[in-house]
Amino acid sequence: MTTMRPIRETIPMDEAKALLMESASPLERVERISVRDAADRVLASPAISTIDVPPFDRAAMDGYAVIAEDTFGTGRYDAKVLHCVEQIHTGAVASRTLSRGECIEIATGAPVPDGADAVVMVEETEKSGATDVRVFTPVYPGQHVGRRGSDIAAGQTVLPSGIALNPSRVGVLAAIGLVDIDVYAKPRVAILSTGNEIVEPGQPLQPGQIYDINRFTLASIIHAHGGVAMNGATVPDNLPDLLNAIESAAAADIIIFSGGSSVGERDLIMDALQQAGDVIFHGIAVKPGKPTILGKVADTPVLGMPGNPTSCLSNAYLLVVPLLRRMARLPEYVPHTVRVPLARRVVSTTGRHQFYTVRVSDGAAEPAFKGSGDITSMAHADGYIEIPAQTDIVEAGEIVDVKLF
């Protein structure tokens with residue numbers, strides 16, 4: 001019969017993170033996707049333009065395309081009069097070449113007609129009769145004209161391999177006419193909830209049962225940080241089923257167990273990892289989330305997360321997010337931080353790095369932590385503060401850095 005096995009030694013959070021990051025490498029798998037789906041993906045090959053952008057000289061202002069020399073010497077009280085021979089809008093081209101003494105009315109973005117070399121803003125002109133236009137200011141060649149290739153030249157590498165695609169970078173891909181691109185694959189993460197008491201939401205609860213929370217919070221974290229959640233069936237608290245679950249998740253890039261990482265007689269993740277692979281550490285000097293396991297099966301990192309919802313989710317922010325983003329080749333995640341005074345005194349546990357949830361209200365950080373088993377410790381919080389292991393008290397009024405969710 002398995003008995004309680006207390007965690008006698010823990011490692012610091014920084015050491016745990018370092019070991020975690022060493023346990024996995026950025027994925028090499030590549031897939032081809034539509035540019036429509038490219039946001040937040042990582043480019044796997046350079047994007048090289050085959051065209052000039054813009055592909056023609058275009059008007060940068062609404063006004064009149066002119067031969068600049070025709071406007072030299074003009075002024076507010078000595079206007080030059082030009083004959084307007086045509087009007088062009090975006091998507092259309094002029095039907096003739098501009099000659100001296102002429103102008104063509106032009107919309108912003110429309111191609112500058114042959115013969116013209118500048119655009120006079122409409123605000124600096126006045127119509128005179130049916131076809132004449134008075135020009136009140138001179139322009140120099142190239143003024144108010146966006147030159148062909150001034151943004152992107154044909155043959156230019158517009159985005160390098162390995163860059164994360166934000167909306168503006170997706171816009172660059174569209175600007176050079178790409179339809180499909182090669183991107184690095186998203187890490188596949190198998191989420192395996194353990195426990196005879198765990199029930200899928202929507203099912204009736206029997207005495208002693210609770211709904212599965214961690215599978216959903218973990219899946220949300222994974223989705224937000226570049227991964228694909230692979231939800232498996234709930235695994236009973238016995239060694240054969242745990243070993244079968246590890247084997248069935250062989251296609252995953254990361255395996256995460258929720259529950260079974262603590263010290264009770266049914267907390268068997270340690271035993272399963274020792275049989276199927278290797279244990280790297282068991283126990284982190286952090287609160288909440290001390291009973292956390294890191295192991296490897298073949299080349300796949302396996303995390304055993306605490307079953308308590310707040311412990312599981314806080315360790316997901318601290319551990320899963322950096323691991324996932326490393327494997328997905330995404331930049332390091334830096335949460336938005338606000339500096340505010342602490343509303344009430346907080347007593348911490350010396351020797352354990354604490355992840356402490358707070359609400360930001362009336363310009364101060366109000367403690368929101370209730371207990372590691374209470375999901376509302378997170379749900380009713382705006383973010384968290386980190387209390388170093390050597391700190392036992394944070395006094396009211398002390399300025400703290402709140403990392404916002």
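Here are legends for a handful of close-up views of this predicted model.

**View 1**
As a reminder, strands in a sheet pair through backbone hydrogen bonds, in either the parallel or the antiparallel sense.

**View 1**

**View 2. Strand 5 and its pairings with strands 9 and 6.**
Strand 5 (residues 80–88) pairs with strand 9 (residues 132–135) in the antiparallel sense, over four bridges. Here His83 stands opposite Asp132 of strand 9. With strand 6 (residues 102–106), strand 5 pairs in the parallel sense, over five bridges. In this pairing Ile88 stands opposite Ile106 of strand 6.

**View 3. Cysteines without a disulfide.**
Searching the whole structure turns up zero disulfides. Take Cys103: the nearest cysteine sulfur belongs to Cys84 and is 4.4 Å away, and Cys103 is in no disulfide. Is Cys103 buried or exposed? Cys103 counts as buried because its relative accessibility is 0%. Cys312 is buried too, with a relative accessible area of 0%.

**View 4. Thr125 and its surroundings.**
Thr125 belongs to strand 8 (residues 125–128). With a relative accessibility of 13%, Thr125 counts as buried. A polar atom of the Thr125 side chain lies 2.8 Å from the backbone oxygen of Val122. Setting aside neighbours within four places in sequence, Thr125 is in contact with Tyr64, Val120, Val133, Arg134, Val135 and Phe136.

**View 5. Gln275, an exposed residue in a helix.**
Look for Gln275 in helix 5 (residues 269–276). At 55% relative accessibility, Gln275 counts as exposed. Which residues does Gln275 touch, not counting those up to four places away in sequence? They are Leu239 and Leu243. Leu243 is 32 residues from Gln275 along the chain, and the C-alpha atoms of the two are separated by 8.2 Å.

**View 6. The salt bridge between Arg329 and Glu28.**
The closest N and O atoms of Arg329 and Glu28 are 3.2 Å apart. Arg329 comes from the loop between helix 6 (309–328) and strand 22 (337–341), while Glu28 comes from the loop between helix 1 and strand 1 (30–34), so the pair ties together parts that are 301 residues apart in sequence. Arg329 is partly exposed at 24% relative accessibility, whereas Glu28, at 60%, counts as exposed. The count for the model comes to 18 salt bridges.

**View 7. The salt bridge between Arg76 and Glu124.**
In this pair the closest N and O atoms are 3.4 Å apart. Arg76 is in the loop between strand 4 (63–66) and strand 5, and Glu124 is in the loop between strand 7 (118–121) and strand 8, so the bridge ties together parts 48 residues apart in sequence. Arg76 is partly exposed, with a relative accessible area of 46%. Glu124 is also partly exposed, at 25%.

**View 8. The salt bridge between Glu366 and Arg344.**
These two side chains meet at 2.6 Å, N to O. Glu366 lies in strand 25 (residues 364–367) and Arg344 in the loop between strand 22 and strand 23 (346–347), so the pair ties together parts that are 22 residues apart in sequence. Glu366 counts as partly exposed at 21% relative accessibility, and Arg344 is partly exposed at 42%. Elsewhere, salt bridges with shared partners join Glu69, Asp70 and Arg100 into one network.

Terms used:
Residues are numbered from 1 along each chain as its sequence is written. This is a predicted model: local features need pLDDT of at least 70, side-chain atom pairs count only at pLDDT 80 or more; totals for chains, interfaces and linings use all residues. Side-chain values use heavy atoms; hydrogens and water are left out. A disulfide is a pair of cysteine sulfur atoms within 2.5 Å. Buried means under 20% relative accessible area, exposed over 50%, partly exposed in between (1.4 Å probe, protein chains only). Two strands pair if DSSP finds at least two bridges between them. Helices (H or I, at least four residues) and strands (E, at least two) are DSSP runs, numbered from the N terminus. A polar contact is a pair of N or O atoms within 3.5 Å; within protein, one must be able to donate a hydrogen and the other to accept it, and residues adjacent in sequence count only if both atoms are side-chain atoms. Contact means heavy atoms within 4.5 Å. A salt bridge is a side-chain nitrogen of Lys or Arg within 4 Å of a carboxyl oxygen of Asp or Glu.
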